[in-house]
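Reader: Please take a close look at one part of this model, its surface, and go on to the charged pairs from there. State the cut-offs as you use them.

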Amino acid sequence: MIRINVSLLIEKSENRKPLIDAATELTEYSLHDKGCISYDVLSSLTRDDSLMIVETWQSRADLEQHMNAEHFTRLVPRLQELSTMTMEEFEF
């Protein structure tokens, strides 16, 4: 399995709501992708400028298929416009 942690740093407070909207839409679609075990958007309780997307995939092939999906290719660039994105990947 593969775990992806995507950190989203919000540099402008006006970007918070549109970022949450885009991340939530991405999550709603991604939960239906083949091989998706879990997919969620988390908000920090102590920092208003920080969100995280945590996702778990059954296989590398499933993750790659997800990354080519219409909702991914449409929404991830939007997330990148609204925040500074960093990603960590773990296999287990």
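Which residues make the nonpolar surface patch of about 300 Å²?

Author: Met1, Ile37 and Phe92 make that patch. The model is predicted, so local features need pLDDT of at least 70 and side-chain atom pairs count only at pLDDT 80 or more, while totals for chains, interfaces and linings use all residues. Residues are numbered from 1 along each chain as its sequence is written, and side-chain values use heavy atoms, with hydrogens and water left out.

A patch takes residues with over 30% relative accessible area and no salt bridge, joining nonpolar side chains (Val, Leu, Ile, Met, Phe, Trp, Tyr) within 5 Å and like charges within 9 Å. Areas are Shrake-Rupley values with a 1.4 Å probe, and for residues only the protein chains shown count as cover. Ile37 has a relative accessible area of 42%, so it is partly exposed, a class between buried (under 20%) and exposed (over 50%), with a 1.4 Å probe and protein chains only.

Now the charged pairs. The structure holds eight salt bridges, each a side-chain nitrogen of Lys or Arg within 4 Å of a carboxyl oxygen of Asp or Glu.

One of them joins Arg74 to Glu25 at 3.1 Å, N to O. Because Arg74 lies in helix 3 and Glu25 in helix 1, this pair ties together parts that are 49 residues apart in sequence. Arg74 is partly exposed at 35%, and Glu25 is partly exposed at 24%.

Another is the pair of Lys34 and Asp62, whose closest N and O atoms are 2.9 Å apart. Lys34 sits in the loop between helix 1 and strand 2 and Asp62 in helix 2, so parts 28 residues apart in sequence are tied together.

Arg60 is partly exposed at 32%, and Glu91 is exposed at 60%. Salt bridges with shared partners join Arg74, Glu25 and Glu70 into one network.

Notes:
Helices (H or I, at least four residues) and strands (E, at least two) are DSSP runs, numbered from the N terminus.
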